Amino acid sequence: MINNEEITTNGSIFPLGWLDSLRVFFIEVGEISRFTLRFFKEVFIPRYEFKALVKQSYIIGYKSLPLIAITGLIIGLVLTIQARPTMAQFGAESWIPSMVSISIIREMGPVMVAVIFAGKVGSGIGAELASMKVTEQIDAMEVSGINPFKYLVVTRVMATTLMLPMLVTAADAISLVGAYVGVNLKGSISFHLFFLQVFSNLSFSDVIPAIIKTFFFGFSIGIVSCYKGYNANRGTEGVGEAANSAVVIGSLLVFIIDMIAVQLTSLIY
Amino acid sequence: MKKTTGNNLRLGLFVTVTVILFIVGIYYIGDRQQLFSHTFHVSGVFKNIDGLQVGSNVRYSGINVGVVGSIQQTTDSSVRVDMLINEGTRKFIKTDACAIIGSDGLMGNKIISLIPGISSAKTICNHDEVKTIRPISMDDIMLKVKTTADNAADISADLAVIMDNITQGKGTIGKLFMDSSFATNLDKTLINIKQGSGGFKRNMDAASHNFLLRGFLKKKHKDDK
């Protein structure tokens, strides 16, 4: 991994110029691409680490559920409370369930969950793999005949790719419950009517693209975090840096992928 | 080992619940679009579909009974709209039902409303065509509003001219309001009429006592009774 700083022979650190930074950026993009290609090569070649995949899915998916659930509930609640005054001005309070559900399922749910996921899981993977790297545990695995890439990277990337869509689905459902509570804070609507109104304006073109893009969010968060951790250096300082850059780049990639997904969806539908 | 089994159980539960949530969501959305229910096709030909889209609701007596399946331009002035209607409502829809394009509320989406026909007519069949009613478009309403506004402008211009004439004392009403000599003359005329009618009454009283007219007046009084 290359940093935006260079260490001189006497040990002092100075920042690189913009041209060098650009060079470093392109080298890093090339390295991540190579890392991604290696992932696709390794993922189809036996032996498959199913036990490690299940373990990682548990850690990454199930253990993130409480945080995602609380966030989802708050998103639904806040979105409804914020929407109410404006909708009431137009006499369109009955449209709140439809409006909030479309906002949550198309955009707010996937993006908010992915950003939180990048913060929690991305930093965790980055720090874990980086500490394994700097303490030479990865080298030890190689020596003992275990493929560390397959065991550590493939399982984690697979787990993030598979678990994020599930977390988003759960968060969407919980957000809608939050929205129901929000609607009932100042109004009164039955649970049945609320969900009828929620589904009355949803179509496959709202749900399917939103779920498909979460696979890409999960994959990008996983691959960046693993790359940063797997290629960490400079001792304990590198561990913190790997965790930090995993979160920053992972979150940024979520928004970039989201922008591309929105453009593609509007082209198709 | 026990801990691993417990973790796997929790993970399995989480995966199953989210997959079920996803499937239920997909089912509800698909069900609304009549994907999982028995449907039959009914079509209607419109001159203007006014922004109706595939997937828009079809209502019969105010109940959602189906969706718009496809929209095809058939000629330069006609559009064929194919509707997927729930099989369960077929027995209520007669061959003389009419389709009209409306909107769901003031700001809502476009919908097709099927207006029931007479109950003695035959039940509609699959792939039948229903009569359509041309909807009142926003353009028509705006055109009528424009005509009304033009008329109102003409009327207000005429009223301004009339008011101007009145304030200048032109015409009968103008003189009545603005000319003081006219009012004085009118007052004098009324006094003259009052004096004339008083004199006429006295003459008539004198005539009623005259022997030449007494017979005639007695007969008149008798006829009135």
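Modeller: A residue counts here as buried under 20% relative accessible area, as exposed over 50%, and as partly exposed in between. The model is predicted, and the values that follow are computed from it.

I begin with a pair to which that cut-off applies. Arg80(B) and Glu129(B) form a salt bridge in which the closest N and O atoms are 3.2 Å apart. Arg80(B) belongs to strand S4 (residues 78–86) of chain B and Glu129(B) to strand S7 (residues 128–133) of chain B, so this bridge ties together parts that are 49 residues apart in sequence. Glu129(B) has a relative accessible area of 46% and is therefore partly exposed.

Another salt bridge of chain B joins Asp50(B) to Lys110(B), with 3.4 Å between the closest N and O atoms. Asp50(B) sits in the loop between strand S1 (39–46) and strand S2 (57–60) of chain B, whereas Lys110(B) is in strand S6 (residues 110–115) of chain B, so the pair ties together parts that are 60 residues apart in sequence. Asp50(B) is partly exposed, with 27% relative accessibility, and Lys110(B) is partly exposed at 25%.

A further pair lies within a single helix. The side chains of Asp205(B) and Lys201(B) meet in a salt bridge of 3.6 Å, N to O. These residues are four apart in helix H4 (residues 180–208) of chain B, which means that about one helical turn separates them. Asp205(B) is partly exposed at 39% relative accessibility, while Lys201(B), at 54%, counts as exposed.

Over all chains the count comes to 13 salt bridges. In chain A, Glu107(A), Lys213(A) and Asp258(A) are linked in a salt-bridge network.

Between chain B and chain A, by contrast, there are zero salt bridges. Two residue pairs are in polar contact across this interface. On the side of chain B that touches chain A, 11 residues are nonpolar, eight are polar and three are charged. In all, 22 residues of chain B are in contact with 24 residues of chain A. The area buried between the two chains is about 2,000 Å², and carbon and sulfur atoms give 81% of it. Leu11(B), Phe14(B) and Ile29(B) supply 30% of the area that chain B buries against chain A, more than any other three residues.

Aromatic rings remain to be considered. The whole structure holds 18 aromatic pairs over all chains. One of them is the edge-to-face pair of Tyr180(A) and Phe194(A), at 5.4 Å centre to centre with 65° between the planes. Tyr180(A) lies in helix H6 (residues 148–186) of chain A and Phe194(A) in helix H7 (residues 191–200) of chain A, so the pair ties together parts that are 14 residues apart in sequence. Both Tyr180(A) and Phe194(A) are buried. The ring centres of Phe195(A) and Phe199(A) are 6.5 Å apart and their planes are at 35°, so this pair is tilted. Phe195(A) and Phe199(A) are four residues apart in helix H7 of chain A, about one turn of the helix, and both are buried.

Note on methods: Residues numbered from 1 in each chain as written. Chains lettered and ligands numbered in written order. Predicted model: local features only at pLDDT ≥ 70, side-chain atom pairs only at ≥ 80, totals over all residues. Heavy atoms only, no water. Contact = heavy atoms within 4.5 Å. Buried area = accessible area lost by both parts, 1.4 Å probe. Salt bridge = Lys/Arg side-chain N within 4 Å of Asp/Glu carboxyl O. Polar contact = N/O pair within 3.5 Å; in protein donor to acceptor, adjacent residues only side chain to side chain. Nonpolar A, V, L, I, M, F, W, Y, C, P; charged D, E, K, R; others polar. Phe/Tyr/Trp six-rings, centres within 6.5 Å; stacked < 30°, edge-to-face > 60°. Helix = DSSP H or I, 4+ residues; strand = E, 2+ residues; numbered from the N terminus. Buried < 20%, exposed > 50% of the residue type's maximum accessible area, 1.4 Å probe, protein only.
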